[in-house]
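Thanks for sending this over. Here is my note on the strands and the charged pairs; please keep the model open while you read.

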Amino acid sequence: MATALITGGTSGIGAAFARALAARGDDLVLVARKPDRLAQTAAEIQERYAVAVEVVIADLGDRADTIRVAERLTSTERPIDVLVNNAGFGVHTKITAADTTPHEHAMDVMCRAVLILSAAAGRTMSERGAGTIINVSSTAGFVTMGNYSAIKAWVTSFTEGLAVELASSGVTVTALCPGWVRTEFHERANIGVSKIPDALWLDADELVAACLDDVARRKVISIPSARYKLLMFVARHVPRATLRAASAKLSSGRRSG
Ligand SMILES: NC(=O)c1ccc[n+]([C@@H]2O[C@H](COP(=O)([O-])OP(=O)(O)OC[C@H]3O[C@@H](n4cnc5c(N)ncnc54)[C@H](OP(=O)(O)O)[C@@H]3O)[C@@H](O)[C@H]2O)c1
């Protein structure tokens, strides 16, 4: 029986991974900050899917907490077979804002923690000759919408580097690049969504099912849905100046209020 550790497994895309992996019989380790929500999510999943669910209360913006999660990943007595590095949030602050701490915090959670946890899981899984690492990136990483795009471009590039390093190890490494998904993400980051066309919204459960199909095919970059595959093909082939101009339009359309 497999065990999956999911960061940010209490909401949105992470909760969809928790449901999908529990439905196939995996035991879970859920990591997030809010104890009540962790306990509630664990109880719901245990009752619905009859799998074991462990919770780890950790703030992945905190290095010591992140190291504690890494130690759980390297346990040989209770091995982790699947790591989903999913915890994250929108960064809507201008790069030139006087206070750069929101950016630093975002990079701690979405870059530093991804690095530390991927390294721990990659090392331990490759010693066993099997395992799966999924890093939740974003299609935002293919455009130029502020520091969030830069962070997610790093996640995708880092994941490709890890896939190269672990190529013959038996460990599957995948960067999931979602488009817009209906979760708590936009409200938490105060991002206006009224101008986003309905056709561009993805459902979290469908997104995760498509990602797990890509993982089974050992795809390194997973971009679920035909429309986002097409959009990202265009984004990767137009001149960078055109991409920046389109990104500027998209950014202005996302402003709240
Ligand atoms: N929604 C989208 O449109 C979209 C598109 C592309 C990519 N993504 C990416 O998908 C991932 C999940 O986002 P989502 O849309 O599912 O957001 P969400 O519904 O807001 O869920 C975020 C999850 O991350 C946890 N989390 C946040 N900060 C954390 C921290 N410092 N330490 C530990 N856990 C933390 C939250 O739990 P606690 O608050 O309890 O900690 C929650 O479980 C993110 O990496 C995001 O960048 C989202």
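The points below go from the provenance of the model to its strands and then to its salt bridges.

1. A word on provenance. This is a predicted model, in which local features need pLDDT of at least 70 and side-chain atom pairs count only at pLDDT 80 or more, while totals for chains, interfaces and linings use all residues. Residues are numbered from 1 along each chain as its sequence is written, and side-chain values use heavy atoms, with hydrogens and water left out.

2. Strand β4. Helices (H or I, at least four residues) and strands (E, at least two) are DSSP runs numbered from the N terminus. Strand β4 covers residues 82-85 and is covered on both faces. Val82 and Val84 lie on one side, Leu83 and Asn85 on the other, and all are buried (buried means under 20% relative accessible area, exposed over 50%, partly exposed in between, with a 1.4 Å probe and protein chains only). In a regular strand, side chains alternate between the two faces of the sheet.

3. Neighbours of β4. Two strands pair if DSSP finds at least two bridges between them. Strand β1 (residues 3-7) pairs with β4 in the parallel sense over 3 bridges, and Ile6 stands opposite Val84. Strand β5 (residues 131-136) also pairs with β4 in the parallel sense, over 4 bridges, with Leu83 opposite Ile133. From β4 the chain crosses through helix α4 (residues 101-128) to β5 in a right-handed β-α-β crossover (with the strands pointing away from the viewer, the path from the first strand over the helix to the second runs clockwise).

4. Salt bridges overall. The whole structure holds 10 salt bridges (a side-chain nitrogen of Lys or Arg within 4 Å of a carboxyl oxygen of Asp or Glu). One of them joins Asp26 to Arg24, with the closest N and O atoms 3.1 Å apart. Do look at Asp26, which counts as buried at 5% relative accessibility.

5. Arg37 and Glu184. The side chains of these two residues meet in a salt bridge at 2.6 Å, N to O. The pair links distant parts of the chain, 147 residues apart: Arg37 is in helix α2 (residues 35-49), and Glu184 is in the loop between β7 (180-181) and α6 (185-188). Arg37 is partly exposed, at 26%, and Glu184 is partly exposed at 29%.

6. Asp198 and Arg182. Which parts of the chain does this pair link? Asp198 sits in the loop between α6 and β8 (201-202), and Arg182 in the loop between β7 and α6, 16 residues apart. Their closest N and O atoms are 3.7 Å apart, and both residues are exposed.

7. A network. Salt bridges with shared partners join Arg37, Glu184 and Arg188 into one network.
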